[in-house]
Amino acid sequence: MKLITAVVKPHRLDEIKEALQAFGVQGLTVTEASGYGRQRGHTEVYRGAEYTVDLVPKVRIEVLVEDEDADDLVDVVVKAARTGKIGDGKVWSVPVETAVRVRTGERGPDAL
Amino acid sequence: MNGANTAFVLISAALVMLMTPGLAFFYGGMVRVKSALNMLMMSFISLGVVSLLWVLFGYSLTFGDDIGGGLLGNLDHIGFQGIEPTSLWGEKPDAIPVLAFALFQLMFAVITPALISGAVADRVKFGAWALFITVWTTIVYFPVAHWVWQADGWLFKKEVIDFAGGTAVHINAGAAGLAVALVLGKRIGFKKDPMRPHNLPLVMLGSGLLWFGWFGFNAGSALAANGTAANMAFNTQVATGVAMLGWLAYERIRHGAFTTLGAASGAVAGLVAITPSGAAVNAWGAIVIGLVAGVVCSWAVSLKYKLGYDDSLDVVGVHLVGGLIGTLLVGVLATDGVGGAAQLGKQALGAFTVLLYSFVVSWILAKLIDVTIGFRASEDEELGGIDQAFHAETAYDFSAVGGSARSTVPAATGASAPQKPHNKKVDA
C-alpha cells in the first residue's frame with residue numbers, strides 16, 4: 001500500500017475530490033495546513049507597514065491506495081491541482097506497512 | 001427653554017456616546033487576537049469611570065465659574081449641587097437644560113481618555129489603565145476643557161477657535177498618547193514580529209460608527225439646531241469623505257494598494273481635522289482640510305517606525321497630527337472674517353500650549369504609576385495575551401479541543417445541583 005499526500009491550494013480541493021471520486025477512491029483525509037515553497041509568501045500593507053506573510057494557507061490531502069494504483073493516482077491529483085501559477089503545491093507517495101479498518105478489524109487492502 | 005435645541009442636544013449626546021463603542025471596535029479590530037477584548041475594555045471602562053467623575057467633580061471643574069486666571073472651574077457644583085432639571089444653560093431664547101448640556105459634554109470627557117488607549121495597546125495592566133484615566137481626566141482633561149470651552153477659560157478669552165474639540169480632545173489625547181507610549185516602551189517584538197490587525201471588518205464597523213456619531217460631536221457643539229450646526233454637519237461629511245480619498249491616494253502611490261485600513265483611518269483623520277474648524281469654513285474649506293488631513297496623516301503614521309516609538313495604533317499620527325491640521329488651518333481658511341495671520345497665531349498658541357501641558361503632565365503621571373503600582377504588564381502576560389491575564393476571557397474560541405469545564409457555581413443550592421440517579425437497582 002501507498003500513502004499519497006498532496007499539499008495544495010485550498011481552492012483546488014473540490015476539483016481534486018471530484019477527480020479522486022471519478023478514479024474510484026473511497027475515502028480521504030483533509031487537513032488545513034500552511035506552508036511555503038520556492039515562491040515564499042505574499043506581502044500585505046497596513047498603514048504603510050509591510051508584512052511578509054510567509055506561511056500561506058494550504059490543504060493537505062491524504063489517501064491510502066494499493067501499490068499498483070499509486071502512480072496513476074498521483075497523476076490524477078497533480079492534474080486536478082494544477083493551475084499553472086506559482087504555489088500549486090506538491091504531491092508525494094510513501095510506502096505503508098499496514099492499515100486497519102477500525103470498525104471491522106480488516107487489514108491490508110481490505111481495509112481501504 | 002428652547003425645545004428644539006434641547007431635543008437636538010440630547011440626541012447629539014446619544015450620538016457622541018456611540019462614538020466610544022465605535023472607537024472600541026476601531027481600535028479592537030486593529031490589535032492581535034490575544035488582546036482584542038482588552039482593547040475594547042480600555043474604551044468601555046471610560047464610560048464608567050468618567051461618568052462617575054463627571055458627577056462627583058468633573059462638571060464643576062470644567063464648567064463651574066472660574067477660580068481665577070482662566071485655569072479651572074470652582075467647586076460650586078460638586079456632586080451636581082444646585083443643578084435641577086429646571087436649571088438652564090445659555091441665553092434665552094436658545095437656552096437648554098443644564099442637564100442636557102452636561103450630558104453632551106460628559107460624552108466628550110468619556111471619549112478623550114479612551115482615545116489615548118490606542119497608543120498603549122497590548123501591554124498595560126488594566127487596573128493601572130483605569131487609575132491612569134481617572135487621574136488624567138481629572139488633572140488634564142477637565143482643566144483643558146475649561147481653558148478652551150468655558151467662557152472664562154484663558155484660551156477661550158484669547159479667542160482660540162476650537163469648535164468641537166480639535167484641541168481639547170484630539171491634540172490633548174494625541175500628546176498624552178505619545179507621552180504614555182514613551183514611558184511604557186515598545187511592545188515586545190515591535191518592528192520584528194508581525195502585528196497585523198486581526199479583524200479589519202471590525203475596524204470598518206468602528207470607523208463607520210465614529211463617522212455617524214461624529215455628527216453629534218460636531219454639529220451638536222453648536223448647542224442649537226441652527227445654521228451653524230447645519231454647516232458643521234455638512235462640512236463633517238465632506239471633509240471626512242475627502243480625507244478618505246486623500247489617504248487612499250497617498251497609499252496607492254507610496255505602497256501600491258488601496259487598503260481598507262487606509263480608508264477607515266483616512267475617514268477618522270478627516271473627522272479629527274474638521275472638528276475644530278468645521279463651523280468657521282465653507283464646503284471648499286472642508287475639502288482642503290480633508291485632503292490635507294488624509295495625505296499628511298497617512299504620511300505621519302509612518303513616523304513611529306522612523307523615530308522608534310511604539311504608538312501602537314497611531315494616536316499621534318491620526319489624532320495629534322489631524323487635530324493640529326484642523327486647528328491651524330482654521331486660521332487660514334475661516335470664512336467669517338476671523339481668518340488671517342493673527343488668528344493663526346492664536347490657534348498655534350492654543351494648540352501648542354495644550355500639547356505641551358498634556359504631554360508633560362501625562363508623562364509624569366504615567367511615570368508615577370509605573371514606579372508605584374507598575375503600569376506595564378509582565379512579559380508573560382504580554383506574550384500570552386492580556387485578555388487572558390486581566391479579563392479571564394478570550395475573544396474567539398477557535399478550537400473544539402483543549403478546553404474543560406470547571407464550574408465555580410456552588411452546587412449545594414438544592415434544585416439545580418446534579419443528582420444521582422435514585423432508586424434504580426443495578427444488577428450485579
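Author: Let's start with B:Val360, which sits in helix H13 (residues 341-372) of chain B; helices here are DSSP runs of H or I with at least four residues, strands are E runs of at least two, and both are numbered from the N terminus. This is a predicted model, in which local features need pLDDT of at least 70 and side-chain atom pairs count only at pLDDT 80 or more, while totals for chains, interfaces and linings use all residues. Residues are numbered from 1 along each chain as its sequence is written, chains are lettered from A and ligands numbered from 1 in the order in which they are written, and side-chain values use heavy atoms, with hydrogens and water left out.

Reader: Why is B:Val360 called partly exposed?

Author: Buried means under 20% relative accessible area and exposed means over 50%, with partly exposed in between (1.4 Å probe, protein chains only). B:Val360 has 38%, so partly exposed is the label.

Reader: What makes A:Arg47 count as buried?

Author: A relative accessibility of 6%, which is under the 20% cut-off, so A:Arg47 is buried. You'll find A:Arg47 in the loop between strand E3 (42-46) and strand E4 (49-53) of chain A. A:Arg47 has a positive phi of about 50°, although it is not a glycine.

Reader: How do you know that A:Arg47 makes a polar contact with B:Ser265?

Author: A polar contact is a pair of N or O atoms within 3.5 Å; within protein, one must be able to donate a hydrogen and the other to accept it, and residues adjacent in sequence count only if both atoms are side-chain atoms. The side chains of A:Arg47 and B:Ser265 come in at 2.9 Å, so the pair passes on distance. There's also the backbone oxygen of B:Leu313, 2.9 Å from a polar atom of the A:Arg47 side chain.

Reader: Which residues is A:Arg47 in contact with, leaving aside neighbours within four places in sequence?

Author: Contact means heavy atoms within 4.5 Å. On that basis the list for A:Arg47 includes B:Phe26, B:Met30, B:Trp247, B:Glu251 and B:Asp314.

Reader: Why is chain A called more spread out than a compact globule?

Author: Chain A has 2 helices and 6 strands, in the order β-α-β-β-β-β-α-β. Its radius of gyration is 17 Å, well over the 13 Å that the globule rule gives for 112 residues, so chain A is more spread out than a compact globule. That radius is taken over C-alpha atoms, and the rule is 2.2 Å times the number of residues to the power 0.38. The C-alpha trace of chain A spans about 60 × 25 × 20 Å along its principal axes, and buried residues make up 31% of chain A.

Reader: Is B:Asn218 buried or exposed?

Author: Buried: the relative accessible area of B:Asn218 is 0%. B:Asn218 is part of helix H7 (residues 200-219), and its side chain makes a polar contact with the side chain of B:Thr236 at 3.0 Å. Beyond its sequence neighbours within four places, B:Asn218 is in contact with B:Phe163, B:Leu271 and B:Ile274, among others.

Reader: Why does B:Phe80 count as buried?

Author: B:Phe80 has 17% relative accessibility, which is under 20%, so it counts as buried. B:Phe80 lies in the loop between helix H2 (36-63) and E1 of chain B. B:Phe80 isn't a glycine, yet has a positive phi of about 60°.

Reader: Where is the cis peptide bond that involves B:Pro93?

Author: That bond joins B:Lys92 and B:Pro93, with omega at about 10°. B:Pro93 belongs to the loop between strand E1 (88-89) and strand E2 (96-97) of chain B.
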